[in-house]
Amino acid sequence: MKTSSVGLSRRRLLQGMGGTLGVLGLAACGTVQTAPAMEEKEAEAPKEEKPAEAPKPAEPTDVEFLIGPFAGRNADAMDTLLTNFHAKTPDIQIKLIVAESGTNYQQQIATFVAAGANADVVHMSGGHFTYAADGVVVNLDDHIKADADFDIAAYYPRVTEFYREPAGGLWALPWNHATEGVYYNKTLLAEAGIDEPDESWDWDDLREAARVLTKDANNDGEPESWGVEFRLVRIDLVLLSVVGGFLADNNTRSVITDPKSIAALQFIADLILKDRTHPYPALGWRNGFSEGKIAISFLPEWAAVRLAAVEGLDFDVGVMPQGPEGRFTFHGSGGASMFSTSDSQDAAWEVLKWFCNYDGGEWAVARAISFPAGSPTALIEANEYFWSEYLTTPPNRTRFLKNPDFAVVPFGGSWDGRFFDQSSRQALPQIWEGAKSVEEVARELDALWVARLEETGRLKS
């Protein structure tokens, strides 16, 4: 990467406009004398005036930007973006602090802050409310109000609301956004005589379709093609429509042992262990859906661009199935915030706007696809570019883009708002592997969550 990554120690930003004051002219003082009559005086040649010294160009203001490891993986593209920014904004120089690849970026941010090492702008996926409460990041409302060229209303409302507290305060600008939808193989559904899923579909419809779509020609228990596949790390969010959540009362009370929660987990277990319509371990989009081994899959927007490149794959997308509690989908979003310790907030604001609005190529796909065509969004150009250049399918794009409107689950970078953490991901596979019953795992998780709620002072009896 052409731009150098800087260390974690705090630097002093270059201040002031720089340059020297040019000499604009001197006012001559004295009396005016009249020449004697009839006496000719040789006119003096005019003095050659020295041109005013041109002011020296101001030194650019450095803005340190703590950014995720994707910037390193996409170094060439990032260099191009930075070159374009610096050409248009020569008075600001972005200094990237690129996170190490293969490590927990959220933890790297926390370590960075705890060490007292500051930057101006930080790219993050959640955690902004926690940092706001600690005074680490800036409320962006004042910058938005002062910038006549910036309209926060141009962003998709369902995105920005994840960064705004109910009491006020916008703590990040959205950078990307993704939800999950139902991808289905049109060829396999047609061959099985199953109508394509629409907004009337519920989870029972999905289960029945999965049974028909699963093919095990030799009855050896290993189907050649499977009816359905969830991303099992997201089943909490997929099945909120069945149970209304595994945490209740604003995430202050565990309800994992509630009968409806047990039934929801049992639903997934039965798809895997009883119906044999869901592969475990998962095949994934690459080895499953793209190869025609999975008839129905739950995937985010980014999958569309990759699947569109698969020759002969006739697929489409639809909204999530509905349940007794409504229709829910996973929401993933990344944003960028400004550190309160930045001593050049105006420059940091310009970098923040740039990062959250550029057309960044591959990693902007999820962001661009989720902004409906025709909406007055600042990102509409990226959206149209994506669809015209990368993707001609799926046909039901407008239906797919309804997913963010279906009670998207709020996220937070902390434990709040999340069903899954590392402990949950370790416990739940015991169900899918048949090692423990749903009830056993539910009791384990309930004890774990109650203890954590108590530790954080959030437990509600």
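In this predicted model, Ile 262, Leu 265, Gln 266 and Ala 269 of helix α11 are in contact with Val 438, Glu 439 and Ala 442 of helix α20. The residues of this contact comprise 5 nonpolar, 1 polar and 1 charged.

**Packing of α11 and α20**
- Helix α11 spans residues 259–274, and helix α20 spans residues 438–455.
- The two helices pack at an angle of about 130°, and their axes lie 10 Å apart.
- Because of this angle, α11 is oblique to α20.
- The crossing that α11 and α20 form is right-handed.

**Val 450 in α20**
- Helix α20 also contains Val 450.
- Leaving aside residues up to four places away in sequence, Val 450 touches Ser 254 and Leu 459.
- From Val 450 to Lys 460 the separation is 10 residues in sequence, while their C-alpha atoms are 9.1 Å apart in space.

**Strands β1 and β3**
- Strand β1 (residues 61–67) pairs with β3 in the parallel sense, over 2 bridges.
- Within this pairing, Leu 66 stands opposite Val 122 in β3.
- In a regular strand, side chains alternate between the two faces of the sheet.
- Strand β3 (residues 121–124) is covered on both faces, with Val 121 and His 123 buried on one side and Val 122 and Met 124 buried on the other.

Technical notes:
Residues are numbered from 1 along each chain as its sequence is written. This is a predicted model: local features need pLDDT of at least 70, side-chain atom pairs count only at pLDDT 80 or more; totals for chains, interfaces and linings use all residues. Side-chain values use heavy atoms; hydrogens and water are left out. Axes are lines fitted to C-alpha atoms, for helices over the stretch in contact, and angles run from 0 to 180 degrees between N-to-C directions. Helices (H or I, at least four residues) and strands (E, at least two) are DSSP runs, numbered from the N terminus. Angles under 35 degrees count as roughly parallel, over 145 as roughly antiparallel, 65 to 115 as roughly perpendicular and the rest as oblique. A crossing is left-handed if the near helix is turned anticlockwise from the far one by less than a right angle, and right-handed if clockwise. Contact means heavy atoms within 4.5 Å. Ala, Val, Leu, Ile, Met, Phe, Trp, Tyr, Cys and Pro count as nonpolar, Asp, Glu, Lys and Arg as charged, and the others, Gly among them, as polar. Buried means under 20% relative accessible area, exposed over 50%, partly exposed in between (1.4 Å probe, protein chains only). Two strands pair if DSSP finds at least two bridges between them.
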